[in-house]
Amino acid sequence: MNKLVLATRNKNKIEEMKALVSGLGIEILSTLDFPELEEVDEDQPTLEGNALKKARYVHSITGLPSLSDDTGLEVDALDGAPGVYSARYAGENVTYQDNVLKILTELEGEKERSARFRTVVALVTSEDENLFHGVCNGEILTEQRGDKGFGYDPVFKPEGYDQTFAELSSEIKNEISHRGRAVQKFIEFLNK
Ligand code: IMP
């Protein structure tokens, strides 16, 4: 493999995934390098389904190995919500801040705040399709802290750390995060 297309136009994800795969000696492209690619509707009921849908589409148009990521935040006190619906938790076309505020409101007064990020990474090539999973356990704080990262990072404190993902360096986030763990499995697969 000498080229890989990251099947996303999310600049934060591109940055994180590029940092993770930078040592592989592979030219890393993304959806942003192919203006002909259309937005993929993430309408599948599972992270696996959405990840595969995005990577299959990008592979079908570019002909190149394509790697996608679909991520969900599962909050135990909300019976696993928002899960696969994390991007549109506060509604269609909302900001990260809208979703963060919605989680804080839903959990107001709640003591049990355990949660986890779950990522499914899909690799689609001309030969086959593979899925890689990554989980990061933690808890939802009662207020936002930090200005790094994106999405729900300001309210998510990973297990074993005192800081939120938005306070930790990108190096540490990449080492312990859901996405970092899933991409690490992809790298192990490539090295086999
Ligand atoms: P998707 O994988 O782009 O569908 O992401 C689902 C939702 O989770 C979006 O609202 C993202 O902003 C959020 N999200 C995805 N990855 C992360 C992360 O690493 N930290 C915080 N929020 C994330």
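Sorted by class, the shell around the ligand holds five nonpolar, five polar and seven charged residues. (Ala, Val, Leu, Ile, Met, Phe, Trp, Tyr, Cys and Pro count as nonpolar, Asp, Glu, Lys and Arg as charged, and the others, Gly among them, as polar.) Everything here is a predicted model, where local features need pLDDT of at least 70, side-chain atom pairs count only at pLDDT 80 or more, and totals for chains, interfaces and linings use all residues. Residues are numbered from 1 along each chain as its sequence is written, and side-chain values use heavy atoms, with hydrogens and water left out.

**View 1. The shell around the ligand.** The ligand is surrounded by 17 residues, and the closest are Lys13, Thr71, Asp153, Lys173 and Arg179; to be near, a residue needs a heavy atom within 4 Å. At least two shell residues come from each of β3 (66-75), α3 (96-106) and α5 (178-191), with β3 giving the largest share, three residues. Helices (H or I, at least four residues) and strands (E, at least two) are DSSP runs, numbered from the N terminus.

**View 2. The largest pocket, the space taken by the ligand.** This pocket has about 1100 Å³ of space. Of its 45 lining residues, the closest to the centre are Asn10, Lys13, Glu42, Lys54 and Ala87. β3 gives the most to the lining, five residues. A pocket is an open set of points on a 1 Å grid over the protein atoms alone, where a 1.4 Å probe fits, with protein on both sides within 12 Å along at least five of seven lines; lining residues have an atom within 4 Å of a point. The volume is the space filled by probe spheres set on the points.

**View 3. The second largest pocket, about 210 Å³.** Of the 14 residues that line this pocket, Asn12, Glu15, Glu16, Gly149 and Ser170 are the closest to its centre. Two or more lining residues come from each of α1 (11-21) and α4 (170-176). By class, the lining has four nonpolar, five polar and five charged residues.

Technical notes:
A molecule sits in a cavity or pocket if more than half of its atoms lie within 2 Å of its grid points.
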